[in-house]
Amino acid sequence: MTYTTTIDSMPSRHDNPFATCWTRPGALPFHFADGESIEQLITKLCGQRWWGEITGTHGSGKSTLLAALIPALVAAGWRVQAVTLRKGQRRLPDEFQEQLRNRHSGYLGASLRLFIVDGYEQLSRFARWRLTRACRRAGAGLVVTSHAPTGLPELVRLAPDGRLVQQIVRELCAQVSASVATADIDASHACHGSNVREILFDLYERHERLRRAARTPACAGA
Amino acid sequence: MLPTVPAVDAVTDSPGVRLAYRLPIDAASGWVSFTMAAVCLVWNTLVAVFVVQLGRGHLEGRPNWLLTWLMVPFVLAGLWTLFALCRQVLLNLAIGPTCVEVSFHPLYAGGTFRGFISQTGRLHVRWFQVQVVCEEQAIYQQGTDTRRATHRVYRAMAFSQRKFDIVPHQAFQTEFEFTVPNSAMHSFVSTHNAVIWTLVVRGRVRRWGEFERRFPIYVYPLAAKREPISETSLAAAGSAP
Amino acid sequence: MTPSVRLSLDAPTAQYQSGDRLTGRYLIDSMQPWTVRAAELSVLWYTAGAGEEDMAVHHFERVVDDPARPLDLRVPRRFATVLPASPLSYDGHIVKVCWCVRLRLFPQQGQETVAEAAFRLGSVSVPVAHGQGLRLETREPHS
């Protein structure tokens with residue numbers, strides 16, 4: 001491989017619209033299906049006595065939806081306690097369990113507390129049973145995410161389609177211009193299915209390669 | 001002080017025999033054998049418990065043929081882990097330790113440095129290479145998933161030789177030169193991102209296939225450059241013969 | 001209406017080397033006085049790309065509005081710092097190291113305003129292949 005110095009531009013997060021700073025939950029707004037909204041979701045959650053499960057495959061937007069849901073719940077007066085479990089984490093963190101045990105903490109009282117567990121299926125059966133029992137006893141709400149149904153009432157099942165992916169990419173490219181074509185997006189979607197995260201990483205690669213190819217000096221060497 | 005540039009103590013605390021510094025091998029290389037041993041032990045212990053119970057039943061005239069046939073794939077898998085572990089151990093014994101030394105550390109962009117490699121074992125080598133490699137590594141955590149990405153940005157051959165034998169008690173030894181390109185990025189480590197330089201020793205040997213051993217090296221920014229230490233002054237200080 | 005913020009570096013190319021003195025100025029472009037509670041200026045680096053963003057602040061200064069000494073940012077304020085030896089700016093494939101001066105203004109009312117001026121530290125380049133693609137490692141998603 002030839003190592004050739006180039007006149008590099010100033011590196012910046014604006015070089016690539018698919019960099020993680022633009023695509024992480026919270027940075028990228030959650031895109032609801034036609035006719036759905038955060039308010040509808042909260043209404044449905046209320047109808048299920050504030051218990052619900054968000055299901056979807058890897059990269060389908062569960063954490064992104066939570067990032068949109070939490071501020072809406074806080075604005076509605078809920079005291080939200082959220083935790084994200086990593087792969088292999090079979091029990092809840094100590095401070096989270098402490099909050100669960102504390103039924104009467106805060107002047108708001110137990111009835112306005114809502115616990116959120118991102119990655120619910122990571123917990124052991126016993127840990128899940130303890131969590132649901134504690135929430136039931138405390139009269140608290142419980143919203144979880146998992147890759148497959150785990151028995152809680154379904155709040156929403158996420159399955160992003162090609163149209164949604166195109167919409168997300170259009171929004172990202174409105175902020176920072178990209179070199180990827182519609183065919184690239186379709187090809188990536190065909191490869192990764194509803195895993196939007198992998199699609200965006202794939203597009204990151206493509207954009208980066210195209211950007212560098214455009215800067216390759218015209219004179220080729222051996 | 002050099003923010004985000006890793007310390008070189010692990011290297012500079014280890015004097016070489018032929019050159020100034022001996023490079024420690026990448027810890028990940030040792031984990032392969034350890035992991036294989038752990039998996040083999042756990043799996044075969046569990047399978048053995050069931051096999052013993054089934055054996056007792058057969059001997060006492062109470063054979064459970066359904067469970068016996070169900071255990072066959074598990075036993076075969078256990079035998080395979082044992083075979084793979086034995087092969088790994090024999091591979092490590094056959095290929096032997098690899099020792100890499102460098103004349104100077106830390107390294108700097110644009111510099112040319114000397115290296116020394118010693119490879120022991122009982123091997124018919126098809127090809128043997130030492131490469132200078134630079135990789136970017138990025139970790140991204142979202143939800144329950146942790147995504148680790150690696151991208152190689154530079155690779156250059158420092159040494160290459162084909163078709164030779166390594167015999168026991170007579171290590172293959174050679175010196176080589178390698179260059180860190182001008183304007184190369186220095187070694188960089190932050191919580192989730194890194195730029196890592198490595199000397200990679202790779203080879204293909206008859207009967208055992210390919211092997212690879214990695215030796216981290218550290219490239220410092222030019223602004224931190226100090227005067228190179230001559231081997232004469234090192235010898236006087238007793239750091240090298 | 002929020003007035004425009006002008007944050008500029010003295011070096012016309014915004015290119016610096018380690019040990020150089022980074023200097024610049026900032027002001028609010030407004031005919032009317034615009035009171036702010038405080039202004040914070042940071043010289044920092046951050047990573048961008050395919051990994052989580054890391055960042056660290058090299059230089060920080062804060063000025064606050066004081067009844068005895070009112071803060072009028074229509075008057076240009078200068079800043080200066082000596083740049084470190086590392087990390088250098090780096091336009092990598094999945095890892096980029098970016099330097100910038102970031103100015104945060106906290107008005108008496110309303111949301112904070114942020115302005116950034118990017119600069120380049122060092123002269124690091126990345127390899128560009130001639131006539132052949134860069135060999136890419138297979139991504140290793142760990143899920």
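Helices (H or I, at least four residues) and strands (E, at least two) are here DSSP runs, numbered from the N terminus. The legends below describe a predicted model.

View 1. Chain A contains eight helices and five strands. Read from the N terminus, these elements follow one another as α-α-β-α-β-α-β-α-β-β-α-α-α. Of the 222 residues in chain A, 36% are buried. Among the contacts in chain A with a separation of 6 or more, 81% are accounted for by residues 24 or more positions apart.

**View 2. The open sheet of chain A.** The sheet comprises five strands of chain A, placed in the order β2-β3-β4-β1-β5, and their pairing is parallel. Its edge strands are β2 (79-84) and β5 (154-158) of chain A, each of which pairs on one side only. On average, and with direction ignored, neighbouring strands of this sheet are turned by 10° against each other.

**View 3. Pairing of β2(A) with β3(A).** Strand β3 of chain A spans residues 113-118 and pairs with β2(A) in the parallel sense, over six bridges. Within this view, Phe115(A) in β3(A) has Gln81(A) standing opposite. Strand β2(A), as an edge strand, pairs on one side only.

**View 4. Contact between chain A and chain B.** Chain A brings 17 residues into contact with twelve residues of chain B. On the side of chain A that touches chain B, four residues are nonpolar, seven are polar and six are charged.

**View 5. Contact between chain B and chain C.** This contact takes 31 residues from chain B and 33 residues from chain C. On the chain B side, β5 (123-142), β6 (145-166) and β9 (193-205) each supply at least two residues. The largest share of that side, ten residues, is provided by β6(B). Classified by residue type, the side of chain B that touches chain C consists of 15 nonpolar, eleven polar and five charged residues.

**View 6. The two domains of chain B.** Chain B is divided into domain 1, covering residues 33-94, and domain 2, covering residues 97-236. Taken over C-alpha atoms, the centres of domain 1 of chain B and domain 2 of chain B are separated by 39 Å.

Technical notes
Residues numbered from 1 in each chain as written. Chains lettered and ligands numbered in written order. Predicted model: local features only at pLDDT ≥ 70, side-chain atom pairs only at ≥ 80, totals over all residues. Domains from an automatic or database assignment. Contact = placed C-beta atoms within 7 Å. Nonpolar A, V, L, I, M, F, W, Y, C, P; charged D, E, K, R; others polar. Buried ≥ 20, exposed ≤ 12 C-beta atoms within 10 Å, placed from the backbone. Pairing = 2+ DSSP bridges. Axes fitted to C-alpha atoms, helices over the stretch in contact; angles between N-to-C directions.
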